[in-house]
Structures are given as structure tokens and as C-alpha cells.
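The terms used are defined where they first occur.

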Amino acid sequence: MDLFASEALLALDRFERSFPPGDPAQPRQTADRLAYWWRRLGMDDVALGSDATDAQRILATAADLAMDPDNKWGVTIEEATSQASMRANLFDGRPVTQGVADLRRDFEESYGGALTLPRDDGWLSESLTRLARASVLREVVGMGAKATVSEEARGAADELVRQGQRLMDNRRGLAAKKAEPVGGRREYIAQQLNYQATYFLYSLGVELTHVPQWAELALKVPAGAYLLYKAIEAWADRRDAIDSRLDPAQAQLRAVRADLTRSLDGSSPLGQRDTRAIRAARGRDGGGRSR
Amino acid sequence: MTLGSMSAAAMRDLVEAGEAKPLLTGFDVSPTLYAGQWWYVPSGSDDAADDDADYVLAGPDMSAQLDRLRVRTDRIDAVAGGSA
């Protein structure tokens, strides 16, 4: 339940942030879409358990606000979080400690730019559908009935888990690489000088043996090729190490560039959030010239 | 099959024939509506052949809850299926 509630809250957040900042239509339209899907899925009937997580409590509060007939203004996640915190302090005794910013950060850390998400309320309806199914399943199990997922569904779920694991492994690999120290420019030059000196001594040794020229060439060329290979390898290692240390804005810029390429191929326009990311990254790259 | 109980295999046949309708789609074992009555496999038995445990008739309270859940799953299926 918590997983799906977190996903639905992130989807609501994405829908909310698809509006330009300060757009007066944002709270009302966010409330309308949430109320629409909430009602269509029969979620009014879902009761939160005493163990409801922060995401569940914020989402349920947002739905209450969205469906309140006296609330003409609408809803924002910020307002829902604030109200959920107030309710928790008054009635629940368990304060709300995690907000949508934490979920957003966890999501970015887990998936980065690896997922392409719909910009309309498609993700919201899908995630709420999953949440609704999970809530039914919870009630079925709660009433003492057995429910076993079919072999086919289990296989699909296993595949999803495998894909997720691969994604996480790749992310962890990148994080581990980031943690490795990058050799400085001085170490890099010293290493290159060391290779050069070794080659020079080797060449001198070959020449001192006074072997015929063809033999001298035969001895020097492989060593020269090896030296060239090691130099290219060291350069590539250093470049990769630096690339993996891109700051978040630059990494986001890369994802946005990929998004932009895809958007140009299709019809979906860039969202406000993406253009903000581009501006932030350009500000970092260009020393603020583009601000 | 005894009065008030039915084998899992018999229930599967009824579902495949379209005579019984499970509450949860994508599940092999799920509370199932057959002939206007709810049938379910009680949870708790945890042996390997659990999936073949018999279905039993649900009582009135549980049937009322399952009726309520049925309304929700119909709505969910309608949204997931893209119908209005």
C-alpha cells in the first residue's frame, strides 16, 4: 500500500508541477483530477489503517480537500502536507515526518532519468488504480480469505523486479564509481612520464645489443604499441572518472537533453520543470551568463 | 464437493466456463461469486498444496463485505480497461 501511495503522491506532484509557477488554475485543476480519479476508482470507501504511512496520510488528506464541496480553491501537495501534519498532531500522535520532497529525492536517486513518465494525469490514474487494487487485496486478506497471484502475473512481477534490480545495480555501480578517488592531473602526468622513461630505457637496451635493424624494429614496435595502448587507457579512465562526477544539475541536463530529443521526435512539448533544469545547469556550466 | 464446500479444481472449471466470477483478476485463488453466493478459501493453511485447498461458502457478514469490494473492483476494472 505504501509503495503505491508514494507512487500516487509522486504522480500528483508531477501533475501539479506541470503547471507554470503561480498559475491560478493549478490548485483547482489538481483537485479536479484527483477527485475525478478517486471517485471513479471508488476510493472514498478506503479506510486508512492505524499504521498509515506519511505518503498515505498526505494523499488521503489531499483527496479529502479535493472532494470537499466547500473548498472552491483546490488543493496543493504543500497544503495537504500541512493539513495532514495538523491532523496527525491532533488525533494520531504520530507526526508526519516525510514530505513529497523526500519522496521526490528517493525517486530521483532510484530511477534518475531512466524512466520516461507521462506529463498529463495518465500516471496519476495508473498509480491510483494500483493503489485501489492493493487496498482491495488488503481487505480481502484482512477478512481471512486467501488470495494467490496467478503464475502468469507472478512471472510478470518477477520480471519487473528483475528489471528494477538491474536498474538499481547500474545506479549502485555508478555511485561506487563516484566514490572512487580520481587521480589528479599530477598523478596522470607522472604515470605518463613513467611509461615514457620505461620505453626509453627499453629502447636504449635494445640499441646497446647492436642487433640488426630489422630485429631492433621487431623489438621496439610491440613495446611502442603497448605504450600507446596504456596511454590511451589511462586517458580514458581519467575522462570516465571525471564524467561520473557530474553534479546533479549536469546529470539532469543530460537526461533533459535526451528528453528533448525524444520530444522533438514526438509531439509532447517541454514542461516547465525541464526548462528550469536546463537553466539551472546552464547557470552552473556557464558561470551564470545565461541567467 | 460437500454442502458448503467445493474443490479448487471445480471452482477453476466454473470460472473458465464463465459461470463463476473471481473478485480479483489475475489471481488463481480469490473469493469468487458463484450462483449468487460468495465462496472463498480460508487463509491459514500453509502447506505446499495450499492452492488446491477447498473453497467454502462465505457467511452473511463476509458476503456483504465482498459485495462492497465487488463494486470497487468493477470500478477499478472499468478504469484499467479504459471504459467510461
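**Strand pairing, chain contact and confidence**

1. Strands S5(B) and S6(B) are joined by two bridges and run antiparallel. Within this pair, B:Tyr40 has B:Val56 in S6(B) as its bridge partner. Strands (E, at least two residues) and helices (H or I, at least four) are DSSP runs numbered from the N terminus, and two strands count as paired if DSSP finds at least two bridges between them.

2. The model is predicted: local features need pLDDT of at least 70 and side-chain atom pairs count only at pLDDT 80 or more, while totals for chains, interfaces and linings use all residues. Residues are numbered from 1 along each chain as its sequence is written, and chains are lettered from A and ligands numbered from 1 in the order in which they are written.

3. Chain B contains two helices and six strands, in the sequence pattern β-α-β-β-β-β-β-α. Five of the strands form an open sheet with the order S1-S6-S5-S4-S2 and antiparallel pairing. Its edge strands, each pairing on one side only, are S1 (5-6) and S2 (20-22) of chain B.

4. S4(B) and S5(B) pair antiparallel over three bridges, one residue pair being B:Thr32 with B:Trp39. The hairpin of these strands has two residues between them, and in it B:Ala35 takes a positive phi near 55 degrees.

5. Which elements of chain B give two or more residues to the side that touches chain A? Contact here requires C-beta atoms, placed from the backbone, to lie within 7 Å; on that basis 24 residues of chain B meet 22 residues of chain A. The elements concerned are strand S3 (27-29) and helix H2 (60-80) of chain B, and H2(B) gives the most, with 11 residues. Strand S3(B) also runs antiparallel to S1(A) (residues 148-149), to which two bridges join it, and A:Val149 stands opposite B:Phe27.

6. In chain A, the axes of H1 (residues 2-16) and H2 (residues 26-40) come within 10 Å and cross at roughly 145 degrees. A:Leu12, A:Phe15 and A:Glu16 in H1(A) meet A:Gln26, A:Thr30, A:Arg33 and A:Leu34 in H2(A).

7. Confidence in chain A deserves attention. The mean pLDDT (the predictor's confidence in each residue, from 0 to 100) is 73 for this chain, and 58% of its residues score at least 70.

Technical notes
Two residues are in contact if their C-beta atoms, placed from the backbone, lie within 7 Å. Axes are lines fitted to C-alpha atoms, for helices over the stretch in contact, and angles run from 0 to 180 degrees between N-to-C directions.
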